[in-house]
Structures are given as structure tokens and as C-alpha cells.
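Please keep the sequence and the 3D view open as you read.

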Amino acid sequence: MERVEQLLAEMSLDEKLAQLVGVWLNVNREEGVVAPLQDSMQGEDVQFEAFARHGLGHVTRHYGTRPVDPEWASTALAARQRWLRDHTRLGIPALAHEECLTGLAAWRATTYPVPPAWGASFDPDLVERMGARIGASMRALGVHQGLAPVLDVIRDQRWGRVEECISEDPYEVATIGAAYVRGVQSTGVIATLKHFVGYSNSRAGRNLAPVHAGAREVADTLLFPFEVAVKDARAGSVMNSYAEIDGIPVTADPYYLTQVLRDEWGFEGTVVADYFAVAFLHTLHAVASGAEDAAVQALTAGIDVELPTGVAYLEPLKQAVTEGRIDEALVDRALRRVLLQKAQLGLLDDGYEPAPSGPVDLDDPGSRDLARRLAEESIVLLTNGGVLPLGDAAGRTVAVIGPNADDVTALFGCYSFVNHVLPHFPEVESGIAAPTLLDALREEFPGATIQVERGTGVDDGDRTGIAAAARLAQESDLAILVLGDRSGLFGRGTSGEGCDAENLDLPGAQQELADAVIATGTPTVVVLMTGRAYAVPGLLRDAAAVVQAYFPGEEGAGAVARVLSGAVNPSGRLPMSMPRSTAGQPYSYLHPRLGAASSVSNIDPAPALSFGHGLSYTSFAYEGLAADETAGTAGSIRCSVVVRNTGERAGAEVVQLYASDKVASVTRPVAQLVGYARVELGPGESAKVAFDVPVRLLAFTGRDGRRVVEPGEIGLSVRRSVAEPIAETSVELTGPLYEITGSERRLTAVSVEPEKEL
């Protein structure tokens, strides 16, 4: 682009480097960290005008650092942009970025369910609509880039950031994640893929711990969602993983950041550093001798922009360039990408005029309705002995027990504004209307007598209230026991970034509370409001019903209450297996044959409930699974099945299609998801679901390191969950060994056609 090349040609080195960094204002280290080692990495308070005297690449979290009135903050941001335009030599505006994982992380903005809830919905269309709403709210405020989605594939439930991930299945992560990207970017806002790559595979589930993954696992499992988001959804930005893979931090690895991402996939956007990741090459990884060496390694590898500040890319990088330790052409390479992105956003237009948003409603009825729908679709009915649905519960006495029953923060994840920022400002209200589950139950069951006992805290170990809770349950017709997590950051919660788990027992004394309540004999419905899957086989066995709600957002309490009453028929499916014990971790259903129970070990790693599991208040039947008898190794497999609602209620079934490679040159998963469809059916209605599966989904890294599709027999099955096959068939892949070029279709085409009633 001519304007970009013109600017690049006339910029001084100081002006170039200024475009490759951000500035994070109004951060007070005494208020509590919201980024790794922020207290030690963030320097003294900086003045915007002094920092940006040569220009500025990014404004870091203008809305998401402290509670600010959106209209006032929009006016302040526009003023900063005008200052850059009018008081720097080249007049280039900055790019403003914000967190947006569960909605724009700003005061008074709609807060949606966490990503595991997106996965539980199996509804990419709805997630895309959510992304568009989030993008529109950012664009209205002058924000250009959102730091989401997280495309890490869940590998170990002990990892605190499980609550930020979509699923343990890479195909579902890819489809749901790409939908989010399309939604956000449809509004003119850049989505940022996190965390490229391998971050979730850390040893023992510890945050930032070394990644335990071979090259084949990275290529065949962990990279796939990023490839789809780059090639199919055209994501505009990528953020690196903090982790090291086989001794090399990704921040300094040109194989992933340049060869794979750009040379093989054709990515043309910007790679932005996760906060302080460049400096961490020196301070945490010890692969750099100092900030200058760290800057050289990161820029060479392909990190274009250092966030959130300029610890390494300002003075240290300038010294490296002027003293000849790195070619200025690498600075120009990153700068060209940054300027091209600013041009695409209109920031380099001659007529660019930053303007405040004016009055803006960040939590409008349309956004709340979307949050409600996603929450309702995401709730998973794990077990049900017949007690659910409750109907109107009129005339019944209901004991509502547990630490998450009357706590609004239990609805939100760690990257929500409520849990990410507001704990440091206890005097400030949440800014959004979010009833607790207790509030929602009272509204849903006005004819019931509802009494409350907390019993214990989430993780304080307090047992003094357990006896009173058990007495209340004993005196009641029904107990609703609300257990789970408290989401937070860096040890301030039981789930969230830096809140990893030593084991997968319920935190604190919650299991003892549950045992005491269930032992009374009163029918007990357990509601799990968590960010991860816990090992609770006793609850699954002994409770009258168990419901899973991954932090369901501001409309989540009402959604749970409506599922319990039956006003909403549950349709969520598990996006991650529920372990039987901690000893089974790390675990993925995508294991080869010896990853399952066998006679050579006394340990059975099988989960208590498998990926894809979920019950309904109606029933579904399948018939007529049909598939091609043969398919080419470079082609696709067509198959179809009819699903029918055989119950008396309307409901949604998630039709799941799995494949298995019967014999391969390397070990392969016993089953892998290759397609799915969420199908809404009334009583007696049926629909034909057709899949066109690209054989490329069956590719793997062979013994010689090439990604190939081998000829041979492929099993196909429709399942209610990965552990519950309904109908099976097979397809013979014919033709020569096919080597993947990267141009193949990556996603299964799905169609749903209602069947005519006979």
C-alpha cells in the first residue's frame, strides 16, 4: 500500500519502534495484578505524552484496567487519538485493544458465558452472533482489537485456564472458535487468536510450566484450530503462547511464528506478544541475557508488537539495531504489518477524525437476550433419576444450599470485568443486572417455600455450617445444592489464570457438605457452577440429578432455574470429559488403543462421563445411517442419518459423527469427532442430517514427518457421546497415499432437512 511504504520510508528508528509497542496507563501495582508478574514487570506510572512523543502502536486496555464510565472513557480515548494526530510528527493514531473473552471486559458491558459453555452449546451460529455483538460494542467505543478467542485444546483439567478454553476436541475448538472470529471481525474489529501454540499442554496442569508434547501431537492436534481460524476465518492477529515446547519458548521460535504461521498458512496479520512475554525470555525462561537479547530473539522469530508496554522493543531494541546486532530490515518487516493493519482499519486515512461514542448502552436488551440463549443452550444435564423437571414446585419446601447459591460472582469467569478488575474496587457496583441463582429460583418457583443455608465457602474449608445445612435439607421436600468454583487470578480463586488445581476434588469442604445433604435422604439436585470438570463420581451416583453450568454469565442464573423447572429443555453436551479421579490426568478422549483400560495396567483412566454426554427431558432415536462405500484419499466422505424426537417435549439433539482409522502407520485415536449438528425438533418430528467430511480431517503426521492420508478402512459412527455409539458403518479410502498441501477443505459441510411426516 502506497501510504504505508511512504510512511515507512520517512520514519526514524525511534518512530518505527514506537509503532511496535503499547502503553498501559492507570495501572497501580498495589491494587492487585491482572497479568503475570505485572507487579514486577510494570514500571512506574508513565505519562502518555512523554511515552508517545515519537508515536504509539497500541493503547492497552483503556476500558479494561479500572471501572470507568464508557462515555467518559470514549471521550478520553478520542482525545488521545487526536493528540497523536496533532502532536506527533507523522500523526499516526494508535490501535486500542481490550480483553473480550466473555464480552468486552469493560464496566457495564454484557458478560456472556465462558468458552466451555460455547463448546457445550455445540452451536457455532449462536457463538458467531455473540462475537458480532461483542465486536459491535468494541467498535462503538473506538476499540480496534479484541484479545480473544482462546484456541488452546483442553488437555489437563487441573490447569486453571480450562475455563478460557472451548473444548478438549480440536475440531470443536476450530469450528466454534472460527465462528467467534467471524462474528467479531464482521464488525471491523480484529480478533486475536490465543495462545499460539501448546500452552494448554503444560506439565501437571501448571500455568506456564513446560509443555509436554511431541511434534506429532502439536501438528495433528494443537495447531488445527489455529489453522482453521487463520485460513477459514481470516483472523487478523495472533498472540504467542508463554510456554516452551521441548526447551524452546514459542516467543523465540521462528518455526511456529514464521514458518508455520506465515510461510505455510499464509497469515498476513500481526503477531502480538502476550503481556510481558518478550521480557520473560530473560526473566523466566533464561534463554536471553537481558532485555536487548530478548527483543532480538522475539523480533527475529516473528513477534511484531510487544505488549502491553515497551520494556524490550524501545531502548533495548534500538541499541541492538544501532550496534548492528539485528538488521533494521526486521524492524521494517514488523512495522509494515502494523501499518498495513492500521490502514485497513482506516487509521491512516487523510480524513480520519477520532470521535467519542456518545451515549452508549453496552448491556442492551438484544445482547442480554443473546447471553440468555447461550446460557440456556450450554447447560448440561449430567444425571437425572426422574426428579427433574421440577415443574412449578408449588407447595413444596425447597432448601437451597451451597456457597454458589447466593453469590453473583459465581456466574462469571476470570476474564469477566466483574472478577478480573472489580475485586480491586470493592466500592464499585458490577454495573450489570445479574441475579444470583437464589434470586432466580425464587422468581421461577414463586409457589414454593424456599429457605437457604450456605453450608460452607467455596474453598475456605469452613465446616461449621454443614450441620445446619443438613438439618434444613432433612426438613425440606427437595434440596438444591449449588457447588463449584470461584473464578479469579493468580491464586485468588479456584479457577482461572494462575489458579491451577492440585487435585480434582471439589474445593474446600464442598464434598463433605454434599455428602451430608445427600445422606439425609431428601432428593437432592446438584448444580455445578465451575470453570473445569471435577471428579465427582459420588455425586453422579447418589444425587437425584446433577446439572453442569460452566460459568454461565449474567443471564445464567435464570437459565439454570428454567432448566430445573422444565421451562427450558436442557440440550448442552459436555465439551470436556468429566474425570473419575485426578489420577486420570492429563486425559483426552482422543487417545490411542493403549490409552484406554487394558490388562497391562490396574488403572482405568476412563472418565465418569465422556465428551459429548448430555441428557434431555425428551428422547431421540436414530435410523438409516448411510455412507459412501468408498472415498478417495484426496476426496470427501458423504454420510447421513435420520434423527427423530420420540418424546413428548420439544428439544434439541446434538448429532455427533465420529471416525476411526482401523489400521495406520502410527497409532491413532480410537475415535475422533469429524462433524456435528445441533438439531431442534418438536415431538414426533424428524430430520435428515447429512455430512460431507473432507478426508483431510483424517490426516496425520506419518513416520517420515509428512502429513498424509493413508488408504484403508475408516470406521464411521453416530454417537450420543464418544462412549455411546448408536449406529456404525465403514468406508474404504482408496487411491495412493495423499500428502496434505494445505489447500484442502478443512471443515465438514453439514445440512439438516426436516423429514415429511407420513
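Contact here means heavy atoms within 4.5 Å. With that in hand, please keep in mind that the model is predicted.

## Nonpolar cores

The largest nonpolar core has 206 residues, and F196 and Y313 are the members that touch the most others in it. Helix α8 gives the most to this core, with eight residues. Apart from this core lies another one of 45 residues, which includes L438, A440, F445 and L478.

Leaving aside residues up to four places away in sequence, Y313 touches L17, L20, V21, V278, A295, A298, L299, I303, D304, V305 and E306. As a general background, nonpolar side chains in soluble globular proteins tend to be buried together.

## Cis peptide bonds

Two peptide bonds are worth a look on the backbone. The bond from A148 to P149 is cis, with omega near 10 degrees. P149 sits in the loop that runs between β4 (145–146) and α8 (170–185).

The other cis bond leads from K194 to H195, and its omega is near -10 degrees. This time the setting is a strand: H195 belongs to β5, residues 190–196.

## Positive phi values

R61 is a residue other than glycine, yet its phi is positive, near 50 degrees. You will find R61 in the loop between β2 (58–60) and α5 (70–87). Is R61 buried or exposed? R61 is buried, because its relative accessible area of 2% falls under the 20% cut-off.

D246 is not a glycine either, and its phi is positive at about 55 degrees. The loop between β7 (244–245) and β8 (248–249) holds D246. D246 has a relative accessibility of 72%, so it counts as exposed, the cut-off being over 50%.

How many bridges join β21 to β27? Six bridges do so, and β21 (residues 686–694) runs antiparallel to β27. To see this pairing in the model, look for A687, which stands opposite P754 in β27. In general, the strands of a sheet pair through backbone hydrogen bonds, either parallel or antiparallel.

Conventions:
Residues numbered from 1 in each chain as written. Predicted model: local features only at pLDDT ≥ 70, side-chain atom pairs only at ≥ 80, totals over all residues. Heavy atoms only, no water. Helix = DSSP H or I, 4+ residues; strand = E, 2+ residues; numbered from the N terminus. Buried < 20%, exposed > 50% of the residue type's maximum accessible area, 1.4 Å probe, protein only. Core = buried A, V, L, I, M, F, W, Y, C linked by side-chain atoms within 4.5 Å. Pairing = 2+ DSSP bridges.
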